[in-house]
Amino acid sequence: MLPTSSEIENEQDIVEEKRVYTDSKDYPISTIRDMCNDGDIIPQPEYQRDYVMDDKKASKLIESILLQIPIPTIYLCEESDNSLSVIDGQQRITSITRFLCNDFKLSGLEELQDLNGKYFKELEKNNQRLIKQTTIHSIVISKKSQELKYEIFARLNQGSTKLKPQELRNCIYRGSFNKMIESIAKSNSTLPVLFHEENKRKQYQEYILRFFALRDFNNYASSLKKTM
């Protein structure tokens with residue numbers, strides 16, 4: 001049976017509602033640093049994971065830039081105030097900005113071993129220029145599609161083993177309950193003593209959520225993961 005005209009129109013409306021409007025831009029690294037420092041790029045909006053790249057991995061990224069190895073595309077979202085929040089690429093953007101601001105020195109480089117131990121300010125001028133002038137391809141989600149940024153973030157990260165389950169939940173399940181868990185994890189001073197570890201990659205939030213999931217465990221029949 002063929003679909004009616006109203007069914008076709010309804011399907012088109014649904015597709016249009018979910019359509020993502022984008023623009024492509026190539027930002028020089030120096031521009032990205034300046035935009036981050038000025039608050040024009042927000043590397044860590046509330047739905048993002050924490051910064052987890054250590055100095056050795058960050059150094060490898062800088063080495064790739066110096067070797068002119070293409071850097072993966074970053075995804076940004078144009079917000080109502082015209083700032084750009086980072087959907088995907090936070091680790092790269094933060095690492096690059098940190099290095100250009102002399103927050104860490106290069107370490108663990110294998111191809112450019114002579115640069116190990118150097119801060120950005122200590123590099124030769126030609127290498128400084130090479131880094132600053134290198135562009136990173138960016139997909140910018142327009143304002144009219146900004147409400148879809150959470151779904152885009154989830155889709156980009158669901159297939160990645162690098163994203164922890166609680167980091168993904170923090171994006172997908174937004175609301176007052178999630179905000180409460182975040183508040184407890186960040187403000188309760190007894191948690192480091194209770195859990196015997198630092199709060200890395202939302203570990204505290206995971207434990208707190210498990211408490212709520214297990215508190216009423218007799219009343220659910222699904223798995224703990226699904227309940228969480």
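This is a short tour of the structure, stop by stop, with something to select at each one.

Before you start, know that this is a predicted model, in which local features need pLDDT of at least 70, side-chain atom pairs count only at pLDDT 80 or more, and totals for chains, interfaces and linings use all residues. Residues are numbered from 1 along each chain as its sequence is written, and side-chain values use heavy atoms, with hydrogens and water left out.

**Stop 1: the sheet**

Switch to a cartoon view and look for five strands in an open, mixed sheet, ordered S1-S5-S3-S4-S2. Helices here are DSSP runs of H or I with at least four residues, strands are runs of E with at least two, and both are numbered from the N terminus. Two strands pair if DSSP finds at least two bridges between them. The edges are S1 (22–28) and S2 (41–42), each pairing on one side only.

Select S1 together with S5 (residues 135–141): seven bridges join them in the antiparallel sense. To find one of these, click Pro28, whose bridge partner in S5 is Thr135.

Axes are lines fitted to C-alpha atoms, for helices over the stretch in contact, and angles run from 0 to 180 degrees between N-to-C directions.

Move on to S3. It runs parallel to S5, with four bridges between them, and Ile74 has Ser138 of S5 as its bridge partner.

**Stop 2: the main core**

Show side chains for Ile32, Ile62, Ile65, Leu76, Ile96, Phe99 and Ile131. These have the most contacts inside the largest nonpolar core, which has 30 residues. Such a core is a set of buried Ala, Val, Leu, Ile, Met, Phe, Trp, Tyr and Cys residues joined through side-chain atoms within 4.5 Å. Buried means under 20% relative accessible area, exposed over 50%, and partly exposed in between (1.4 Å probe, protein chains only).

Which elements give two or more residues to this core? They are H2 (29–37), H3 (55–66), S3, S4, H4 and S5. H3 gives the most, with five residues.

Centre on Ile96 next. Leaving aside neighbours within four places in sequence, Ile96 is in contact (heavy atoms within 4.5 Å) with Ile29, Leu61, Ile62, Ile65 and Ile136. Then look for a second, separate core of 13 residues, which includes Cys77, Ile139, Ala154 and Cys171.

**Stop 3**

Select H3 and H5 (125–133). They pack at an angle of about 95°, with axes 9 Å apart, which makes H3 roughly perpendicular to H5. Angles of 65 to 115 degrees count as roughly perpendicular, under 35 as roughly parallel, over 145 as roughly antiparallel, and the rest as oblique. Ile62, Ile65 and Leu66 of H3 meet Asn127, Leu130 and Ile131 of H5. By class, that is five nonpolar, one polar and no charged residues. Ala, Val, Leu, Ile, Met, Phe, Trp, Tyr, Cys and Pro count as nonpolar, Asp, Glu, Lys and Arg as charged, and the others, Gly among them, as polar.

For the other crossing, pick H7 (residues 165–172) and H10 (residues 203–215), whose axes come within 9 Å and cross at roughly 75°. Pro165, Gln166 and Arg169 of H7 make the contact with Gln205, Glu206 and Leu209 of H10. These divide into two nonpolar, two polar and two charged residues. Stay on H7: six of its eight residues are buried, among them Glu167 and Leu168.

**Stop 4: loops**

Leu67 sits in the loop between H3 and S3. Is Leu67 buried or partly exposed? At 38% relative accessibility, Leu67 is partly exposed. Leu67 touches Glu111 and Leu112, not counting residues up to four places away in sequence. Leu67 and Leu112 are 45 residues apart in sequence, yet 8.8 Å apart in space, C-alpha to C-alpha.

Finish with Asn102, in the loop between H4 and H5. Asn102 is not a glycine, but has a positive phi of about 60°, and is partly exposed at 26%.
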